[in-house]
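Let's take a walk through this one together. Have the structure open and we'll go from one side chain to the whole chain.

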Amino acid sequence: MPARRRNAPSFLLLLIAAFASTVLSQQPKRQQPLQPIGDVLHLFLDKDKNQKVSMSEVDSQISMLEVLFQNGAEGDEQGEQYKNILKAVKAAAPTIFALLDSNSDKELTKSELKYVTKFENSLKKGGGMREFLRDVFSMLDVDGDDQLSADELFAASQSSTILSDVTVRFHTLFPLRGNPSELEDFVKKTIVSFGGQDSLDKESVEKGMKWIDDDGDGYINRKEVGKFYNIAGKQFMDTSKSIRQMGPMLAMFGGMDMNSGGGGGAGFKMDL
C-alpha cells in the first residue's frame, strides 16, 4: 500500500537509530579503536559480499548516500560540506578505482583498498606525504626562489622527465603497480583520457593556482602549499573518521534500494 511505502523510510531510520543506540549502550567504557578506513570501505562497498568491489557497486553506494544527503537542512554547514565532498568523490571515483585496481581486473580486493588506509597514514606526522610534497615542490621550482610561477608549473605539466620523477617518488610511498614504470604508464593513459598534455594551457594553470595562491600575488610559495595541505588533510581525516564510525552500520542497509517502491524509499529524503 502507498501509505506503507511512505512510512518505510521512517521505519528504516528508526531501525538505524535503534541499532546505533544498542551498539553504543553495549560499548565498554574504554572506547574501542575504529577499523582502518580501507577495511571499512571494503565492508561498505562490497554489496554482494563476494570479497571484491566492482565499479557498479561503488556507483550504487554513492547513489544511496546521495539520497540520504539530498535534502539536508538549509544552512547546515556540515551537511553541505559532506554533500560537496560526495560530489567530488563521485566525479573522481572512476579514476581512483582504476588507480587502486593494481591488477586491472575491474575489481578491488581488500588488500587493494588498504592503500586508502596507507594514504590516510601518510598524512600523519612522519607518514611521508609532507616530505613527498616538499620534494615535488623542489623539482618544480626550477629557479630555486622558493615559489612556483605559472610558467614553472606549465613547463612541468609538459615535461616527461618531471612526470617520471614524480611517479617514482609516489610509487615509493604507494607501490600501486609492480614498478614505477607501470605506474607512469597508467598516469600517462589517464592524462590522455582527460585530453592529453596539450589540453592544458598556461591560462588553465593560472586559474588552478588561485586555489592555493592565498595572497593572490600570482605565485605559490611553500607556506601556501603547507596551509592548503593542512586544510585538505584535516578535511580528509575528519571525513575518514565519520566513514569509519558510520560505515559498518550503513553497510547493513547497503543492499536496500532506497529509491524503489519495493524498498520502501520512493522519494525518500532525510534532513540532516
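Is glutamate 66 buried, partly exposed or exposed? With a relative accessibility of 29%, glutamate 66 counts as partly exposed, because the buried class stops under 20% and the exposed class begins over 50%. Keep in mind that this is a predicted model.

Glutamate 66 has a partner: its side chain meets that of lysine 90 in a salt bridge, 3.1 Å from N to O. Glutamate 66 sits in helix H3 (residues 55-69) and lysine 90 in helix H4 (residues 77-100), so the pair ties together parts 24 residues apart in sequence. Lysine 90 is partly exposed too, at 44% relative accessibility.

Now jump along the chain. Aspartate 146 and arginine 222 form a salt bridge with their closest N and O atoms 3.0 Å apart. Aspartate 146 is in the loop between helix H6 (129-140) and strand E3 (147-148), while arginine 222 belongs to helix H11 (residues 222-252), so this pair ties together parts 76 residues apart in sequence.

Then there's aspartate 151 with lysine 202, another salt bridge, at 2.7 Å between the closest N and O atoms. Here helix H7 (residues 150-157) is linked to helix H10 (residues 202-209), the two residues being 51 apart. The salt-bridge count comes to nine.

For a contrast in cover, look at helix H2 (residues 37-45), where eight of nine residues are buried, among them Ile37, Leu41 and Phe44.

Zooming out, the protein chain has eleven helices and four strands, and 33% of its 272 residues count as buried. Its accessible surface is about 16,700 Å², with 56% belonging to carbon and sulfur atoms.

Definitions and conventions. Residues numbered from 1 in each chain as written. Predicted model: local features only at pLDDT ≥ 70, side-chain atom pairs only at ≥ 80, totals over all residues. Heavy atoms only, no water. Buried < 20%, exposed > 50% of the residue type's maximum accessible area, 1.4 Å probe, protein only. Areas by Shrake-Rupley, 256 points an atom, 1.4 Å probe, with all protein chains shown as cover. Salt bridge = Lys/Arg side-chain N within 4 Å of Asp/Glu carboxyl O.
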